[in-house]
Amino acid sequence: QFKGADDMRMLGDLDFDFPIGTHPIGRLDNISEGLLILTTNKKITEYLFQSKIPHKRIYLVQVYKMVSPETLQQLREGVTIRLRGDTKYVTAPCDVTIVEKPKNLFQSGLEYRDDLPHTWLKITMTEGKFRQIRKMVAAVKHRCQRLIRIAIEDLTLEDLQPGQIREIDEKDFFEKLKIDK
C-alpha cells in the first residue's frame, strides 16, 4: 500500500514519482519480500489472477528444521490449510524442491542463525490464497522463516534490491507475464 501504519515501510516512502492510479498486483504481506508488480492498468489483476489460464508464481522459502522427502511429497500433492474462520481448503498440487541457500541474498532484518537446522525450498504454484505458503509449511510442521517471491511467470526479481524499481515497457511486460489481452 502507499499509506499505512507509521512503523511500516510503504510504497509511498519510496523515492519514485508514481503515476496517478498506480496500484499493486497480487499481495505480499508485511513480512514477505520480493517481486511486487505495480501498474496503472486496472485490467492486469483480471488478466493475471482471475483468468482461466493459471499463472505461476515462484518463491524461495526458508523453513525451520530439515524437510524430509515425505514432507516434500505432501506439499507437492496439496495439504489442508484453514482459510478464514473454520473453512478448510486443500491446496492445489505444486512444484516443491529443496535448494541451496541463495547466494547474494540481501539482508532482510529477518535473518536466522545458519547453525540452526533449516531448509530452503523453491515453491512454484498457480494459486495464492491469503498467506498460503506460510499455512502450507505450518500444516506439515515447519515454520516459515523467510518468504521471497522471485518470479511471476517470466517476470523475475533478478538483482533488484528492496525498494528498487524497474520500469518495463508494456509489450515486454505482457510477454513476460504470458498475458494475451
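Start by selecting R134 and D29: the two form a salt bridge, with 3.2 Å between the closest N and O atoms. (A salt bridge here is a side-chain nitrogen of Lys or Arg within 4 Å of a carboxyl oxygen of Asp or Glu.) The pair connects distant parts of the chain, as R134 sits in helix α3 and D29 in the loop between β1 (23-25) and β2 (33-34), 105 residues apart. Both R134 and D29 are buried, where buried means under 20% relative accessible area, exposed over 50% and partly exposed in between (1.4 Å probe, protein chains only).

A word on what's loaded: this is a predicted model, in which local features need pLDDT of at least 70 and side-chain atom pairs count only at pLDDT 80 or more, while totals for chains, interfaces and linings use all residues. Residues are numbered from 1 along each chain as its sequence is written, and side-chain values use heavy atoms, with hydrogens and water left out.

Now zoom out. Of the 181 residues, 36% count as buried.

Next, select 69-77, which is helix α2; T71, L72 and L75 are its buried residues. Look down the axis of α2: these buried residues fall within an arc of 105 degrees (taken from the directions from the helix axis to the C-beta atoms), so they line one face of the helix. To see what covers the buried residues, show β7 (95-99), β8 (118-125) and α3 (132-139), which are among the covering elements. Just past α2, click on G78, which has a positive phi of about 115 degrees.

Then head for helix α4 and pick E175 and K171. They form a salt bridge with the closest N and O atoms 2.8 Å apart, and the two lie four residues apart in α4, about one turn of the helix. E175 is partly exposed at 47% relative accessibility, whereas K171 is exposed at 60%.

Last stop: K178 and D154, whose side chains meet in a salt bridge (3.6 Å, N to O). K178 is in the segment after α4 (170-176) and D154 in the loop between β9 (144-152) and β10 (155-156), so the pair ties together parts 24 residues apart in sequence. K178 is partly exposed, at 45% relative accessible area, and so is D154, at 39%.

Technical notes. Contact means heavy atoms within 4.5 Å.
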